[in-house]
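Hi,

Here is the structure I promised to hand over. Have a look at it first, and then read on for what turned up in it.

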Amino acid sequence: MKLEQKFEIQGGCELKGEIKVNGAKNSALKILASVVLTKEAIVIENFPFIEDTQRMLEILEELGAIIEKDKKNKKVMIDPVGVENGNLQGELVKQLRASILLVGPLLARFGEVDMTYPGGCVIGKRPIDLFLNGFQKMGGKVEWNDDGFKISSDETKLVGTTIFFPKVTVTGTEALMMTAVLAEGKTVLKNCAMEPEIKSLADYLNNNGAKIKGAGTSMIVIEGVEKISAGTFDVIPDRIEAGTFIMMGLLCKSEITVTDCIPEHLGAFLPVLKNAGADLEIGENYVKVKKGKRLKATSIATHEYPGFATDLQPPYTLLMTQAEGISLIHETIFEGRLFFTDQLNSMGTAIVMCDPHRVVVSGPTSLYGKKLTSPDLRAGITMVLAGMIAHGTTTIDNIYQIDRGYEDIDERLNSLGAKIKRI
Ligand code: EPZ
């Protein structure tokens, strides 16, 4: 059973060589949700075979889709012709918050969705009010029951409208953008998230008959169409893997090259690292980490794209424990994404929590191997990196959380010289 696996990590390793960035988890999950918008089969390339995408494929199979996987060539083919209703019940939906992304497309296709409320990782409560308010504004009727909700649109068509998000939401933007593709008339979405994965999804849908303008900006306008077709989708590189591996090179004081990435998708992250004194060579589709002097402590506040990504905050917080001086880490997006720091402190770091959104880090400090538990995938990978620079041996359990977002991570890091054993 995957859930009992652990990582055992020997610290103090020097890394060298190249590591190839995988297809982006947070792009793949969205294109998977969009397949139910049409009856035609899609081929997805550069597909990340991670736990979250496997869960989403299983949910699609339960809905009636036919799936063909080709892990060697990083490809999947999905034929959604057998999907005939919006029945999102069962354990799988609870495990994966991203399953909420299926609601809009299923509602747009079938006029009714019955869903058990999804779970997801424990970084603060994960509300879905922005999704449901949007569906209601488009004509959906929401009824809550004790373990989930039912949405129905009495006419078979949702109706386009203007939705101003009270808060920037990545999946909320994507969900309503996809839903509006098949709604009646024009939908205007304002205060949208601008993540690269959103533009990538819109470009694919437009190549197959949708009429979406402005994806990647804060205002998206969608003209509803009767139906769309399907084609081939090439998943963009995972900017969070890329940023995480760059920080891994800096933490291990090693010279490594992170390849097959798109540096500009890293937003404010690279300028922050340069400010901190990192010696990086930034190419067209790679970043080379050079051995340099110790980093200077540099404060950050996470922010929606193109600001400093919240998913890069946990490894960055670890990086600051090795920098010279005092830094403030302000996690503005989630209220539960800094509690992992108490486990880093058990290894020897000096991190003071001011409130659930802010910690102050003093560095540099030495780390000593410990027994740790991975609370969510980004804190989990941070613990792997901590184990790699700690004196002695570190074990991490609940590594399903890490396998959710990082494919074959032990093999890939060991090929650079890490010493990680999966037990
Ligand atoms: C997406 O989550 C990503 N997940 C997250 O990555 C990422 O951390 C997050 O965006 C922020 O960049 C996927 O793309 C699958 P939000 P999402 O809606 O869309 C509040 C990872 O590690 N909110 O942008 O769920 C919410 O509580 C994951 O790969 C509402 O209040 O995040 C948060 O405070 C973790 N009501 C803020 O908005 C809602 O209906 C931003 O959340 C929805 C969200």
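Let me start with two helices: H1 and H7 cross in the right-handed sense. Please keep in mind throughout that this is a predicted model. Helix H1 covers residues 25-34 and helix H7 residues 196-207; the angle between them is about 35°, and their axes are 9 Å apart. On the H1 side, the contact is made by Asn26, Ser27, Lys30, Ile31 and Ser34, which meet Glu197, Ser200, Leu201, Tyr204 and Leu205 of H7. By type, the residues of this contact are 4 nonpolar, 4 polar and 2 charged.

Next, the ligand. It is surrounded by 24 residues, and the closest of these are Asp129, Thr169, Thr171, Asp311 and Arg378. Some polar distances may be handy when you have the site on screen. In the side chain of Lys25, an N or O atom is 2.8 Å from an oxygen atom of the ligand. Val170 uses its backbone instead: an N or O atom there lies 2.8 Å from a ligand oxygen atom. For Ile333, a backbone N or O atom is 2.9 Å from an oxygen atom of the ligand.

E10 runs parallel to strand E11 (residues 186-190), and 3 bridges join the two.

E20 pairs with strand E21 (residues 358-363) in the antiparallel sense, over 5 bridges. Within that pairing, Val360 in E21 is the bridge partner of Val352.

As background, most peptide bonds are trans, and most residues other than glycine have a negative phi. Which peptide bonds are cis here? One of them runs from Tyr305 to Pro306, with omega near 10°. Pro306 sits in the loop between E18 and H10. Another cis peptide bond goes from Gly363 to Pro364, with omega near -5°. Pro364 is in the loop between E21 and strand E22 (371-373). As for phi, Asn46 has a positive value, near 55°, although this residue is not a glycine. You will find Asn46 in the loop between strand E3 (42-45) and helix H2 (51-63).

That is what I have for you. Enjoy looking around!

Best wishes

Conventions:
Residues are numbered from 1 along each chain as its sequence is written. This is a predicted model: local features need pLDDT of at least 70, side-chain atom pairs count only at pLDDT 80 or more; totals for chains, interfaces and linings use all residues. Side-chain values use heavy atoms; hydrogens and water are left out. Axes are lines fitted to C-alpha atoms, for helices over the stretch in contact, and angles run from 0 to 180 degrees between N-to-C directions. Helices (H or I, at least four residues) and strands (E, at least two) are DSSP runs, numbered from the N terminus. A crossing is left-handed if the near helix is turned anticlockwise from the far one by less than a right angle, and right-handed if clockwise. Contact means heavy atoms within 4.5 Å. Ala, Val, Leu, Ile, Met, Phe, Trp, Tyr, Cys and Pro count as nonpolar, Asp, Glu, Lys and Arg as charged, and the others, Gly among them, as polar. Two strands pair if DSSP finds at least two bridges between them. A residue is near a molecule or strand if one of its heavy atoms lies within 4 Å of it. A polar contact is a pair of N or O atoms within 3.5 Å; within protein, one must be able to donate a hydrogen and the other to accept it, and residues adjacent in sequence count only if both atoms are side-chain atoms.
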